[in-house]
Amino acid sequence: MNIDSQTILVTGANGGIGRALVKTFLAAGAKKIYACARNTDSLSPLLQDDRVCSVELDVCNFASVANAAALCGDVTILVNNAGTGGGGLLGSQENARREMEVNYFGTHAMCTAFAPILGKNGGGCIVNIISVIGLVNMPSIGTYCASKAALHSLTQGLRGVLAAQKTKVVGVYPGPVDTRMADGVAMPKASPESVAEEILTGLQAELDEIYPDEFAKNIQKELASSPKDVERQLANY
Ligand SMILES: NC(=O)c1ccc[n+]([C@@H]2O[C@H](COP(=O)([O-])OP(=O)(O)OC[C@H]3O[C@@H](n4cnc5c(N)ncnc54)[C@H](OP(=O)(O)O)[C@@H]3O)[C@@H](O)[C@H]2O)c1
């Protein structure tokens, strides 16, 4: 896939990976980028490049999603990057519901709103930022993993159903990345910039699934050979 002819929408563009993705797509020659955030003031560092348009977007608010779809009818790549996490497995349900609202239902709403736009524009691509722990549960953040597992399943389903309109659907499965979301995580972390570069390379190579750092690549490999060992290993974090 060639990035230089693309109009790309990135949700959560003020966050660590979102901001790095916008910069990486700009450097790769993207035609236009809709940088979306709940608070558009937080996007000002990205607006120096006149190919970037800021859009206010809360993926959990139906009217906000509909407004973005009305404003951004020329999108050819939708990057569902907005996400949230926090809290353990057996705590209050508040965190678990919020994770499901943002990570699963929010992404579902964006895909539903933008699939017809992508179809009308020739097919295009949906990129869902999932997590490698959407493929195997890490109990210390187990409800987050469950919401990302739901998103993984949605991504597979969308790939099947949107093939008819030539929309490519890509799942991205990072390990720990050094962003605000992973502030409390005491594990080696990849930089958001390196993850964004790997995502770009994966898109250019037309991959369906992108594992953008060493941790993610190792887990993917181990899951193929000894899934129960990986499950036991992640229970220790
Ligand atoms: N960091 C990691 O270790 C890691 C690993 C694997 C996958 N991921 C995934 O990567 C994606 C980006 O996360 P990050 O690491 O860059 O964390 P981050 O810096 O905390 O960014 C999260 C972004 O999501 C936005 N967001 C949250 N709720 C939203 C909503 N309802 N509507 C619109 N935007 C919303 C945040 O906006 P506000 O500023 O308004 O809160 C922020 O821009 C997430 O999907 C995350 O699950 C992260």
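**Exercise 1. Find which residue forms a salt bridge with E198, and work out which parts the pair ties together.**

Step 1. E198 pairs with K217 in a salt bridge, and their closest N and O atoms are 3.2 Å apart. The term salt bridge means that a side-chain nitrogen of Lys or Arg is within 4 Å of a carboxyl oxygen of Asp or Glu.

Step 2. Place each partner: E198 lies in helix α5 (residues 192-204) and K217 in helix α6 (residues 214-225), so the pair ties together parts that are 19 residues apart in sequence. Helices (H or I, at least four residues) and strands (E, at least two) are DSSP runs, numbered from the N terminus.

Step 3. Check the accessibility. E198 is partly exposed at 33% relative accessibility, and K217 is partly exposed at 27%. Buried means under 20% relative accessible area, exposed means over 50%, and partly exposed lies in between (1.4 Å probe, protein chains only).

A word on the model before we go on: it is predicted, so local features need pLDDT of at least 70 and side-chain atom pairs count only at pLDDT 80 or more, while totals for chains, interfaces and linings use all residues. Residues are numbered from 1 along each chain as its sequence is written, and side-chain values use heavy atoms, with hydrogens and water left out.

**Exercise 2. Say how many salt bridges the structure holds, and describe some of them.**

Step 1. The total is seven salt bridges.

Step 2. One of them joins the side chains of D49 and R51, at 2.8 Å from N to O. D49 is partly exposed at 22%, and R51 is partly exposed at 25%.

Step 3. Another links D229 to R232, with the closest N and O atoms 3.0 Å apart. These two residues are three apart in helix α7 (residues 227-234), so about one helical turn separates them. D229 is partly exposed, with a relative accessible area of 42%.

Step 4. Finally, look for a network: salt bridges link R159, K168 and D208.

**Exercise 3. Decide whether T7 is buried or exposed, and list what touches it.**

Step 1. T7 belongs to strand β1. Its relative accessible area is 3%, so T7 is buried.

Step 2. Leaving aside neighbours within four places in sequence, T7 is in contact (heavy atoms within 4.5 Å) with K31, K32, Y34, D74, V75, T76 and I77.

**Exercise 4. Count the disulfides.**

Step 1. A disulfide is a pair of cysteine sulfur atoms within 2.5 Å. By this rule, the count is zero.

Step 2. For C53, the nearest cysteine sulfur is that of C72, 7.7 Å away. C53 is partly exposed at 28%.

Step 3. For C145, the closest cysteine sulfur, in C60, is 19 Å away, too far for a bond. C145 is buried, at 2% relative accessibility.
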